[in-house]
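Thank you all for coming.

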Amino acid sequence: MAKKNYDELSEKILIEVGGRENIARAYHCMTRLRLDVKDKGLVNTEALEKLSGIAGCQWNGSQLQIIVGQEVDDLYVNFCKTAGIDAERKIEENLDKEKKKFSIGLIFQTLSAILLPVIPALAGAGMIKGLSTILTSYLGVDAASTFITVMNMAGDCAFYFLPFLVAWSASKRFETNTALAISLAGVLLYPTMTAGNTAGAEAMSLFGMPIPFPRYFGSTIPIILTVWVLSYVYKYINKFMPKSLRIVFTPTLVLLIMTPLTLTAIGPLAMYISTLLVGLFNFLYGLSPIIAGTIIGGTRLFVVMTGMHLSLSTICLGNIAELGYDWLLPMHTMGTLALFGACMGVWVKAKNTENKQIGASTAISSFIGITEPGIYGVFLKFKNAMLATIVGGAVGGAIVGMFGGRALAFVNSCILSTPVFMTENFWCVALGMFVSAAIAFSMVMVLGVNDDK
């Protein structure tokens, strides 16, 4: 999409979503413009999908997700300017009742919104961790050298201090004081807490209430729940505090209330929930890694379509924090590589020039981990490509599950993330990538592409 078309496209999108008055919040991920709207009935998704530069639309509760592709960042900035809205901030206080209503979908939507801004830092740090592993394990670089020490600092910082990053992002989502949110993350990672965890110390006691020492570094759920509670406490105290005293006494009272509440109740409860979720996934994986890999690899793109893939990152991060590695990410990558193979097959097999161009462009984007163009341009357009992608991803996932493929850090699920998968069983991840792409490509070549449908 040429940059000169952003103004026109932004204006058309604004019209079809019901105008500025119908937008409650605007933000984006790597490929989608995400709009929380007040009245879904005012949105014309059919007209949106016909716009040049829009690959498709889908709903997640009251959130409209407009699939754009890699140009979404530029379009997002232009759209906010055209609409006259403050990026990533709620526009009006009164949202519709459907949005306020508690639901599982709202939980996934909230987790996705919080983790989206954090993922670039995790992806960059994860790649550095992978490169460090390659240098020390395969290229003979001294693990005790200053160079590797600095690389490890760069690779570990985003994961170790993850609560700080999540606190910043969560404060935006819950619309509360960012400085206080980050301060509470500091409470969780205070030297007393980290030293107590390392030493396996007995819980401290505050007015008869225990303060245990869970492993808060690298965690996400404790700080998310903490900031959520903070948003109510801060708003309540600030409401009744005289304006002349707010700048000093509001944060004072908030910290005096939230610090013990976080250490004695919210943090431990959240860690219990997080451990339970991670344990549940690992229990299911332990029952049959092959079946787990088959299901996860085969259904990866359906999960992406629902927007739940970002929510599952809490499980991946939990595995890394608890186990030191994750097994979900390699399986997810098999679905991505299968889509790459299917898109390559469409490029080669299709007779229609436009379909060939779609196959070529979506193959490139899928190869580097941007799957939405391939999903809406190939996966949902050609049933043989969909079948090929599911089978390819399932077989690749089964291989990874059977032989124990792992990831050392959280990264995007694509071939560019290969350094992170370089553990002792890296060969099975590499084999799974090749098999997933090869099977999907071969099936499209055999089954063909129906250019007329």
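Predicted model: local features only at pLDDT ≥ 70, side-chain atom pairs only at ≥ 80, totals over all residues.

**A nonpolar patch, a helix pair and some salt bridges**

The patch covers about 590 Å² and is made by I290, M402, F403, W427, L431 and F434, and the helix that gives the most to the patch is α19, with 3 residues. W427 lies in that helix, α19, and, with a relative accessible area of 43%, W427 is partly exposed.

Now to helix packing. Two packed helices are described by the distance between their axes and by the angle between those axes. For helix α6, residues 119-137, and helix α7, residues 146-160, the axes come within 8 Å and cross at roughly 150 degrees, and the crossing of α6 and α7 is left-handed. Among the residues that make this contact are A121, L122, A125 and G126 on the α6 side, and F147, I148, M151 and N152 on the α7 side.

Next, the charged side chains. Side chains of opposite charge can pair when their charged atoms come close, and how many salt bridges does the structure hold? There are 6 salt bridges, and I will take you through some of them.

One is local: the side chains of K12 and E8 meet with 3.0 Å from N to O, and both residues lie in helix α1, residues 6-16, where they are 4 residues apart, about one turn of the helix. K12 is partly exposed at 36% relative accessibility, and E8 is also partly exposed, at 43%.

R25, by contrast, reaches beyond its own element. R25 forms a salt bridge with D36, the closest N and O atoms being 3.5 Å apart; R25 lies in strand β1, residues 23-28, and D36 in strand β2, residues 32-37, so the pair ties together parts that are 11 residues apart in sequence. Are these two residues buried or exposed? Both R25 and D36 are buried, and for R25 the relative accessibility is 7%.

R25 also meets the side chain of E175 in a salt bridge, at 3.6 Å from N to O. This pair links distant parts of the chain, 150 residues apart, with E175 in the loop between α8 and α9 and R25 in strand β1. E175 is partly exposed, with a relative accessible area of 34%. Taken together, R25, D36, R173 and E175 are linked in a network of salt bridges.

Note on methods: Residues numbered from 1 in each chain as written. Heavy atoms only, no water. Patch = residues over 30% accessible without salt bridge, like charges linked within 9 Å, V, L, I, M, F, W, Y side chains within 5 Å. Areas by Shrake-Rupley, 256 points an atom, 1.4 Å probe, with all protein chains shown as cover. Salt bridge = Lys/Arg side-chain N within 4 Å of Asp/Glu carboxyl O. Helix = DSSP H or I, 4+ residues; strand = E, 2+ residues; numbered from the N terminus. Buried < 20%, exposed > 50% of the residue type's maximum accessible area, 1.4 Å probe, protein only. Axes fitted to C-alpha atoms, helices over the stretch in contact; angles between N-to-C directions. Left-handed = near helix turned anticlockwise from the far one by under 90°. Contact = heavy atoms within 4.5 Å.
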